[in-house]
Amino acid sequence: MANIQIFDKINDNWITLPRAFYSVGSEEVANMIQMASGKLVKDVKGYRKSLSAQFSYIPAETVRDLSATLRLGGFHQVMYEDLDGNIQTESFTISQPQLTVFKYVGGVAMWAELALEMTGQEVF
């Protein structure tokens, strides 16, 4: 799969992440209420695209830049390879990186087992 690129808020700069294992899926968007009878009723509005990425090793400098960009909040343009092999660019909210292990690999500071969760802006 291609590298994931995350753009800053004004789309001038981007961060290219190393190749990763990631999955493309969707999350249901729905309103659920409980009727007086106790029955749950769900009104499905649609689905949002979701990406879940797992990285083996990422340089500490890249993680620093990524965290700074994500702290700005809101939606970020993300370029990734979709299930059909086409490159897609869409808006996502992105969680702060979940970091597990810090170590030096060949004298370079790296984070291992980094995980990112991304949720699409559009409901389809």
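How many bridges join strand β3 to strand β4? Select residues 21-34 for β3 and 40-59 for β4: 14 bridges join the two, and the strands run antiparallel. Strands here are DSSP runs of E with at least two residues, numbered from the N terminus, and two strands pair if DSSP finds at least two bridges between them.

Before you go on, a word on the model: it is predicted, so local features need pLDDT of at least 70 and side-chain atom pairs count only at pLDDT 80 or more, while totals for chains, interfaces and linings use all residues. Residues are numbered from 1 along each chain as its sequence is written, and side-chain values use heavy atoms, with hydrogens and water left out.

Now pick Val24; its bridge partner in β4 is Leu51. Then go to the turn: β3 and β4 form a hairpin with five residues between them, and Gly38 there has a positive phi of about 100°.

Last stop, the rings. Show Phe102, Tyr104 and Trp111, which ring pairs link into a cluster. Rings of Phe, Tyr and Trp (its six-membered ring) pair if their centres lie within 6.5 Å; planes under 30 degrees apart count as stacked, over 60 as edge-to-face and the rest as tilted. Phe102 and Tyr104 have ring centres 5.6 Å apart and planes at 80°, so this pair is edge-to-face. Phe102 and Trp111 are edge-to-face too, at 5.1 Å centre to centre and 65° between the planes.

Technical notes
Helix = DSSP H or I, 4+ residues; strand = E, 2+ residues; numbered from the N terminus.
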